[in-house]
Amino acid sequence: MNIDLTDTNSSQINATLVQARRSIGSPAVGMVLTLVIVTDEGNHYDALKAASEASKEHPSRILVVIRRPGRSPRDRAMARLDAEVRVGSDSGTGETVLLRLHGELASHAYSVVLPLLLPDAPVVVWWPDDAPEHPSEDKLGTLAQRRITDAAAAEDPLAELKLRGETYAPGDTDLSWTRLTPWRSMLAAGLDQQSLKVRSAVVESEAHNPSAELLGMWLAERLRVPVERKVTEGPGITAVRMETADGAICLSRADGSLAELAVPGQPDRHVALHRRGMSELIAEELRRLDPDEAYASAVQAGAKEPGKSPGTRTDASGGGGGRRGQTQTQARPQAEEDSAKQPAAAKKAARSAAKRAAKK
């Protein structure tokens, strides 16, 4: 059932939800949480589709907040709320309300959403794109037990990830971390099979990948070893290598779906490690509503040194402008040393030439 409401208010929307449930023969509210999606007109379709798929596992009331402040002074001065209520087969296993906030009302989403929350149920707020700098201090963010962002959707993913570490508050999480769950599970399994001390690690991925940066931070924070970042063609993360005294523990995935796990002293094995869709990521995040301490440690580790990007990068060929096999940070001191030697060598050659001339 799909019901359109024009120039409405929160009270009328609540009454419409109750009437719609009764008309389809399910007056009881069987939902476990409220999911608030804050997005724009151009991106709401994909976000709503993912949330509807996730609601099959977590029946929820989905509130989609779409701000439309307007372009002209007349449009910005008005205040109107339009809603689209979906109940039954049109909204998965829960209820969906699309809220379009026009004009001045676009700045007061908190007042519109608050009366529509399920009573005595957890609240999760998700920004698929354009997340606020401080999600926990955002007006809608203060309503939620969990606040979900996605650094990969930002114009500069690595800068966004650094910001997430600087502004972290308990309850924050990012889908760049959620994408790492299979990788972290496989790497932990590889370490469990061999009681070896890891000396160093390398994370290989395509450039500007926030998940790879987070994985490097997590390994460095947990293992207390240096972690390098190597840029490859992708897709996504392609390999992780952890060096030990007996050899390397390597988890490599070249095609984005099937990975190979190599552990010293054991035969190589193939493991499924496909790139998951948005609905799977959201469903995973809705399974837990307590603060993620592992994510907090990893993302805050990358924000401890201002002005430095997390991780050390190398090119796929072994050095961006440096000697082959060196990281960029290693190549710069070497280049400075070489340039310092040049004037001394020139003076020595000049003295030798003068001596030869004097002998003649």
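**Overall fold and packing of the predicted chain**

Of the 360 residues of the chain, 45% count as buried, where buried means under 20% relative accessible area, exposed over 50% and partly exposed in between (1.4 Å probe, protein chains only). The model is a predicted one, with local features needing pLDDT of at least 70, side-chain atom pairs counting only at pLDDT 80 or more, and totals for chains, interfaces and linings using all residues. Residues are numbered from 1 along each chain as its sequence is written, and side-chain values use heavy atoms, with hydrogens and water left out. The chain has eleven helices and 15 strands; these are DSSP runs numbered from the N terminus, with helices being H or I of at least four residues and strands E of at least two. Among contacts (heavy atoms within 4.5 Å) between residues at least 6 apart in sequence, 69% join residues at least 24 apart.

Eight strands make up an open sheet with mixed pairing, in the order 1-4-5-3-2-6-7-8; two strands pair if DSSP finds at least two bridges between them. Strand 1 (2-5) and strand 8 (172-174) sit at the edges, each pairing on one side only. With direction ignored, neighbouring strands of this sheet are turned by 15 degrees against each other on average.

Helix 2 (residues 44-54) lies across strand 2 (33-39), strand 3 (60-68), strand 4 (79-87), strand 5 (95-103) and strand 6, and runs at about 175 degrees to strand 3. Angles here run from 0 to 180 degrees between N-to-C directions, and axes are lines fitted to C-alpha atoms, for helices over the stretch in contact. Helix 9 (residues 278-285) also packs on the sheet, where it touches strand 6, strand 7 and strand 8, and its direction makes about 155 degrees with that of strand 7. In helix 2, the buried residues are H44, A47, L48, A50, A51, S52 and A54. They pack against strands 2, 3, 4, 5 and 6, and against helix 9 as well.

Strand 5 also holds a histidine, H102. H102 counts as buried because its relative accessibility is 10%. Not counting residues up to four places away in sequence, H102 touches R68, M78, A79, R80 and D82.

As for the interior, nonpolar side chains in soluble globular proteins tend to be buried together. A nonpolar core is taken as a set of buried Ala, Val, Leu, Ile, Met, Phe, Trp, Tyr and Cys residues joined through side-chain atoms within 4.5 Å. The largest one has 32 residues, and those with the most contacts inside it are L214, L215, L219, V240, M242 and L251. At least two residues of this core come from each of helix 7 (181-193), strand 9 (200-205), helix 8 (210-223), strand 11 (237-244), strand 12 (247-252), strand 13 (258-262) and helix 10. Helix 8 gives the largest share, six residues. Leaving aside neighbours within four places in sequence, L251 is in contact with W183, M186, L187, T238, A239, V240, A259, E260, L261, V271 and L273. A second, separate core has 28 residues, including V36, L63, L117 and V125.

Strand 13 pairs antiparallel with strand 14 (residues 269-272) through four bridges, and E260 has H270 as its bridge partner. Six residues lie between the strands of this hairpin, in which G265 takes a positive phi near 85 degrees.

Positive phi also turns up in residues other than glycine. D120, in the loop between helix 4 (109-113) and strand 6 (123-126), has a phi near 55 degrees. With 85% relative accessibility, D120 counts as exposed. H208, found in the loop between strand 9 and helix 8, likewise has a phi near 55 degrees, and at 54% relative accessibility H208 counts as exposed.

Finally, helix 5 (residues 157-166) packs with helix 10 (residues 293-301) at an angle of about 120 degrees, their axes 8 Å apart. The crossing is left-handed, a term used if the near helix is turned anticlockwise from the far one by less than a right angle (right-handed if clockwise). L161, R164 and G165 of helix 5 meet Y295, V299 and Q300 of helix 10.
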